[in-house]
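Below is a short report on one protein chain. The sequence and structure come first, and the notes follow.

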Amino acid sequence: MTEQLRSPSLVQLAVDAIRRMILAGELAEGERLIEDRLTEQLGISRPPLREALRILEQEGLIVTRPRRGSTVATLTDQDVFEILTLRTALERLAIELGVPVRDPGRFKDAQEALAEMERCADAEDRGSLVQAGHRFHSALVALAGHRRLIEAYASVQQQLLLCMARNLYAREHYYEDLHEHVARHRKLLDLVEAGDPDAVLAELAVHGERSFSERQSTPGSRSASNS
């Protein structure tokens, strides 16, 4: 196989780039995606861009309407409430089933995701940080060894990514920097590795249970969630 064939396609590169821009907040909820601007920014032609947009629509990150083009997907406060309460319930069940963990080797995926989060925080790459954060939480869910639970968590992945992106923006602007964001996840993993499910559940309750949709619109609010 040639190096060219092993390289990511232009379509996949465009998908990855636009996804990161959405999750970083560089493309805001409801914002129209201007094809001319994106082709110039990404250095690609319209055909691979349009295919990339189709993939992102399938993922639920954008919405495309006839004659109106594509816009970044939006979530209502009720959407956020439903997604995050479902996430909390699934993660709590995973901890109840999976902790303590008898095989330390099973922490590898979570440890690698946390290391990636640290690299993203250093680089101030917010879009990739959100994705690494989702991989971290997915790795914790996988500790339960429960296939249907893992599948249920994966089924809301893209919606959860949007929630996590909104939450990262709120927390960074109101009361924590990117490295503090990563430190909370490191604390959670330390507790999981220590093997006390009650301590993990207590930390999880303050880590991601409250909806950041409750935050006020002015700086200084402390009601954002901890996702």
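## Val192 and the nonpolar core

In this predicted model, Val192 is in contact with Ile95, Val99, Phe107, Leu140, Leu143 and Val200, once its neighbours within four places in sequence are left aside. Val192 belongs to the largest nonpolar core, a set of 61 residues. Together with Ile18, Ile22, Phe136 and Leu140, Val192 is among the members that touch the most other members of that core.

## Overall make-up

The chain has 11 helices and 2 strands. Read from the N terminus, the order of elements is α-α-α-α-β-β-α-α-α-α-α-α-α.

Of its 227 residues, 44% count as buried. Among contacts with a separation of 6 or more, 69% are made by residues 24 or more positions apart.

## Helices α7 and α9

Two packed helices are described by the angle between their axes and the distance between the axes. For α7 and helix α9 (residues 157–174), the axes come within 9 Å and cross at roughly 120°. The two helices are therefore oblique to each other, and their crossing is right-handed. On the α7 side the contact is made by Arg126, Leu129, Val130, Gln131, Gly133, His134 and His137. On the α9 side it involves Gln157, Leu160, Leu161, Met164, Ala165, Leu168 and Glu172.

Gln131 lies in α7, which covers residues 126–142. Is Gln131 buried or exposed? Its relative accessible area is 18%, and because buried means under 20%, Gln131 counts as buried. Beyond four places in sequence, Gln131 is in contact with Arg19, Arg20, Leu23 and Leu161. Of these, Leu161 is one of the α9 residues in the contact between the two helices.

## Helices α5 and α8

The axes of α5 and helix α8 (residues 147–155) come within 10 Å and cross at roughly 155°. α5 and α8 are therefore roughly antiparallel to each other, with a left-handed crossing. The residues that meet are Arg87, Leu90, Glu91, Leu93, Ala94 and Leu97 in α5 and Leu149, Ala152 and Tyr153 in α8.

Glu91 is part of α5, which spans residues 77–98. With a relative accessible area of 7%, Glu91 is buried. Which residues does Glu91 contact, leaving aside its neighbours within four places in sequence? They are His137, Val141, Tyr153 and Leu204. Tyr153 is one of the α8 residues that meet α5, while His137 is one of the α7 residues in contact with α9.

## Confidence in the model

The average pLDDT of the chain is 88, and 88% of the residues score at least 70. Among the elements, helix α6 (residues 108–123) has the highest mean pLDDT, at 98. The lowest mean, 38, belongs to helix α1 (residues 3–6).

Over residues 1–7 pLDDT stays under 50, and the model has 1 contact beyond four places in sequence for them. Over residues 213–226 pLDDT also stays under 50, but here the model has 40 contacts beyond four places in sequence. Where pLDDT is low, the predicted coordinates should not be read in detail.

Definitions and conventions
Residues numbered from 1 in each chain as written. Predicted model: local features only at pLDDT ≥ 70, side-chain atom pairs only at ≥ 80, totals over all residues. Heavy atoms only, no water. Helix = DSSP H or I, 4+ residues; strand = E, 2+ residues; numbered from the N terminus. Buried < 20%, exposed > 50% of the residue type's maximum accessible area, 1.4 Å probe, protein only. Contact = heavy atoms within 4.5 Å. pLDDT = per-residue confidence, 0-100. Core = buried A, V, L, I, M, F, W, Y, C linked by side-chain atoms within 4.5 Å. Axes fitted to C-alpha atoms, helices over the stretch in contact; angles between N-to-C directions. Parallel < 35°, antiparallel > 145°, perpendicular 65-115°, else oblique. Left-handed = near helix turned anticlockwise from the far one by under 90°.
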